[in-house]
Amino acid sequence: MQRYQGNPGKRSVWTEASIKMVVGSVDSAPLSLSRQVRPLEIVFLSTEAVPFAKTGGLGDVCGALPMTLAARGHRVTLILPAFRSIRASGLSIVPTNLSFAVPIRGRIVGARLLRAELPVAEVARQGPAEIETQAQQRRTGMPGSKSRSVPQPVTVYFIDQPEYYDRHGLYGDEAGDFADNCERFAFFCRAALQAITRLERPIDIVHCHDWQTGLVPAYMRMGFESHPWMATARSVLTIHNLAYQGRFWHWDFPLLGVDWDYFKPDWLEYYGEINFLKIGIQHADTLTTVSPTYAEEIQNSLHGCGLDPLLRSRSGALRGITNGIDDSIWNPATDPHLRFPQVGTESARGTAAHGNYDVDSWREGKSLQKRHLQETMGLAVDESVPLIGLVGRLADQKGWDLVLQVLRWHLEQSRPTQWMILGTGETRFHQALTELQDLYPGRFGLQLGFSDQLAHRIEAAADLFVMPSRYEPCGLNQLYSLRYGTIPIVMSTGGLVDTVVDATHETIADGTATGFRMRDFSAEELDRLIGVALEIRYHQENIWAQLVETGMRQDWSWRQIALQYDRLYADTLAVPKMPPPGGVPRTELAR
């Protein structure tokens, strides 16, 4: 996948004043949070959604959020490429009689739609306020629209074009990014417009995710191909990681299906290139990213990846909404991955005897989980030794250079800790970690690759979870850690700031502390905080218990996050659509 490699030249082209002229003044007023929410027709466009396709957090979001919104009464449709991985989802995927053709690079490329359904979340999984709201809606309905009393499943449509999508990887393989990614995702954006038209109903919101869908807001703003639903629909673009922008050379521009007159800064050009994400940011009615702090960070030059002037000019349309977790899956009281054979009397749900635990039984539960993990992963069995866990992508962004340094200190100096790491990524980290495991068996457990079961077990067994990310748009593992009573140590960046309350004298006194935040990005700071945390763990047990239980009681479920998207959509519909920038080209299609 193409990643930002540094600021482009010619900074004078994109002054903030010129951007303001291009974008217009519609963004000057921030979105409010008080609009009346009604059931909406929402279309999600994404390249990932669990259980069909996933490489990271995008798949979790687009798998869970549509179902949660549908449970709240909205009608939600999800459109994805028909990647090879969808056939391993375990869900029924059936062909439809809907097909269409897209003219691209001097040829006609056909596609058909496949269909599946995702069930909505059960009412039993919803909070008391949502249950009461739905009960009231069953009694009274919603004025001017259908009642929310019977949520509909999420309909999933797949753009089936084997030449583009029936491949081993989503965006690339061992050799790197696919050379035709511009064509693949230009086709996806154009095909998605036709798929929406085939729904044959008015659309309120088209919610686009990341650079692969970035052309759609521009197509909607220019009225591309005169699709009737564009007259009233609004576009929302969520930025999951600004570093990945979809940048391609200008000779690919005809793939976009518009005249060369659109290849200029106020439409589709970016320093002589095509930049899918820049296009989406410039033309979407509303922008979101996956945490409030990340929304602020990407507007400065350090984290803006060359797009910070454009993002500052659109600050009124930008909102940060923290990602949620599926608490029917990530719940230590019911998690099937934590269960193990039990001798003796079966205990009640939420207690530790069968491997599960809750906020009242976490001491026994986590102790048993640690022992079980030590036994199965070849670590010395000792429940009193602190266990430090890490799960995730082995990449420079995640701070693995710091982790390796601190891990070496602990192992070489025979400090009384154990480490358990699960992940896959860059070869250099694979090699370094494998060498350390060979040198220090019994003190360091390592599994390269990914195992959902082991990820759950590490969260349950560990005392500390380390996330020293250089930048982190949101992060999910710290939320899993809080849920499982594992104290996170994180870098003060992005969503980690918004979700982990640093343990200071003040936050410990007022009962809000949930973890530890690094003040600077260094191995020494990470090591210092591990020492501080373990001092509390073994010498101030009442404070440690407070940290654990405060974290376990927090609600980071999608039920709560969906309320913010309700308000976002209502606010988006309450403001006028962005008009096209001045000097709209006369010709629209270039086939």
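The legends below describe close-up views of a predicted model. Local features need pLDDT of at least 70 and side-chain atom pairs count only at pLDDT 80 or more, while totals for chains, interfaces and linings use all residues. Residues are numbered from 1 along each chain as its sequence is written, and side-chain values use heavy atoms, with hydrogens and water left out.

**View 1. The protein chain as a whole.** The protein chain has 19 helices and 19 strands, taken as DSSP runs numbered from the N terminus (helices: H or I, at least four residues; strands: E, at least two). Of its 591 residues, 60% are buried, that is, under 20% relative accessible area with a 1.4 Å probe and protein chains only (exposed is over 50%, partly exposed in between). Among contacts with a separation of 6 or more, 75% join residues 24 or more positions apart; contact means heavy atoms within 4.5 Å.

View 2. A search of the whole structure gives 18 aromatic pairs. Rings of Phe, Tyr and Trp (its six-membered ring) pair if their centres lie within 6.5 Å, and planes under 30 degrees apart count as stacked, over 60 as edge-to-face and the rest as tilted. Tyr219 is buried at 2% relative accessibility, and Phe224 is buried at 0%. Tyr565 and Tyr569 form a tilted pair, at 6.1 Å centre to centre and 45 degrees between the planes. These two tyrosines are four residues apart in helix H19 (residues 558-574), so about one helical turn separates them. Both Tyr565 and Tyr569 are buried.

**View 3. A ring cluster and the surroundings of Leu215.** Tyr171, Phe185, Trp211, Phe248 and Phe276 are linked into a cluster by ring pairs. Phe276 is also among the contacts of Leu215, which include Ala186, Cys189, Leu256 and Ile279 when neighbours within four places in sequence are left aside. Leu215 belongs to helix H6 (residues 215-222) and is buried, with a relative accessible area of 2%. Its C-alpha atom is 9.6 Å from that of Phe188, 27 residues away along the chain.

**View 4. Arginines over aromatic rings.** The charged end of Arg167 sits over the ring of Phe178, 4.8 Å from the ring centre. Arg537 lies over the face of Tyr538, at 4.6 Å from the ring centre. The criterion is NZ of Lys or CZ of Arg within 6 Å of the ring centre and within 35 degrees of the ring normal.

View 5. The axes of H17 (residues 523-539) and H18 (residues 541-552) come within 5 Å and cross at roughly 110 degrees. Axes are lines fitted to C-alpha atoms, for helices over the stretch in contact, with angles from 0 to 180 degrees between N-to-C directions. H17 and H18 are therefore roughly perpendicular; angles under 35 degrees count as roughly parallel, over 145 as roughly antiparallel, 65 to 115 as roughly perpendicular and the rest as oblique. Ala533, Ile536, Arg537, Tyr538 and His539 of H17 meet Glu541, Ile543 and Trp544 of H18. The axes of H11 (residues 400-412) and H17 come within 9 Å and cross at roughly 55 degrees, so H11 and H17 are oblique to each other. This contact involves Leu402, Val403, Gln405, Val406, Trp409 and His410 of H11 and Ala523, Glu524, Leu526, Asp527 and Ile530 of H17.
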